[in-house]
Amino acid sequence: MGGATATGASPRSPLDWHAIPWRRAHRNVRRVHVRIVKAWQGGMKRTARAWPCILTRSQSGRAVAVKRVTENHGRRTPGVDGVIWHTPAQKAAAVAELRHRDDHPHPWRRVYIPKRDGRRRGLSIPTRKDRARQALHVLALDPIAETTADPNSYGFRQGRSTAEAISQCYGDLAKRSSAQWVLEADIKACFDELSHPWMLTHLPMDRGTLRTWRKAGYVEQDGWQPTATGAPQGGIISPALCHLTLDGLERALQERFTPTEKIGKRNQVHLVRYADDFIITGRTKELLAEEVTPVVERFLAERG
């Protein structure tokens, strides 16, 4: 056998899916998560970016990623290649295959599901191999995303729920001194419009991998279509990319509308975001329309 990796597994040992010590594998992944968070909080961003590379190359990380895509709700939905991993042997082979970098991901399979208002929502389904590779990179992105997240963002986050978002809204609105005006927003086609150049410049993940996913495109009845923008809904990593792209809006508002002794709480605003839906509370309609809205528009324009 080869030497053990930093996450405690040998990358060259033969793999039996049923013999994988799952408790140890998850513990190894959590150990790396802790190191990433400590490095990021300590300002050692180069070190924080190095640990995800170690995690995505480890057997523990690869095994946990394959386990996730073979046990979630989409485990029976194939991509364009029609492949589904059913057997333990297929899953074990997938763990070994993820060891190699894939510069040629398959196009995503485009499907449409009906919405309540009669319209259809487009979903893009990656192949099982590409889905596992995305799950592997999500393992590396999650600790950084949680460290840098806006305090009052609730969608696409581990351990946060819709109920908590509702509770925060209640806290911002129910007091006698609370603001009486609300700006409610839903970003139209948010996933489809995320700026690829912005993500390549700012997101803390391997740029080469992100570029290959960007160029993969999708397949529907009319054939292959390119993806010039966006992180298509349906991929495991898409919510994380959207979450990281939208983070910072709350900080931008706090910097612009910090209360001072002169203005007191008159210009104070509060944001609560769930995925790509959010509300912003303010004292007056004019404050929200003339001062808050331009800040939001500039922030979103930079991100596509």
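Visitor: Is C53 buried, partly exposed or exposed?

Guide: First, the ground rules: this is a predicted model, where local features need pLDDT of at least 70, side-chain atom pairs count only at pLDDT 80 or more, and totals for chains, interfaces and linings use all residues. Residues are numbered from 1 along each chain as its sequence is written, and side-chain values use heavy atoms, with hydrogens and water left out. Buried means under 20% relative accessible area, exposed over 50%, and partly exposed in between (1.4 Å probe, protein chains only). C53 has a relative accessible area of 37%, so C53 is partly exposed.

Visitor: How many disulfides does the structure hold?

Guide: A disulfide is a pair of cysteine sulfur atoms within 2.5 Å. By that cut-off, the number of disulfides is zero.

Visitor: Which cysteine sulfur is nearest to that of C242?

Guide: C242 is in no disulfide. C242 is buried, with a relative accessible area of 0%. The nearest cysteine sulfur is 3.7 Å away and belongs to C190.

Visitor: Which strands stand at the edges of the sheet?

Guide: Strands (E, at least two residues) and helices (H or I, at least four) are DSSP runs, numbered from the N terminus. Two strands pair if DSSP finds at least two bridges between them. Four strands form an open, mixed sheet in the order β2-β1-β4-β5. Each edge strand has a single partner, so one side is left without a neighbour in the sheet; these strands are β2 and β5 (223–225).

Visitor: What is the volume of the largest pocket?

Guide: On a 1 Å grid over the protein atoms alone, a pocket is an open set of points where a 1.4 Å probe fits, with protein on both sides within 12 Å along at least five of seven lines; lining residues have an atom within 4 Å of a point. Grid points are joined across faces, edges and corners, and a volume is the space filled by probe spheres set on the points. For the largest pocket, that gives about 680 Å³.

Visitor: Which residues lie nearest the centre of the largest pocket?

Guide: Its lining has 26 residues. β2 (120–125), α7 (190–193) and α10 (238–246) each give two or more of them. Nearest the centre lie K115, R121, F191, Q233 and D276.

Visitor: Which residues lie nearest the centre of the second largest pocket?

Guide: That pocket has a volume of about 480 Å³. Its lining counts 24 residues. Nearest the centre are T56, R57, H137, D206 and T209.
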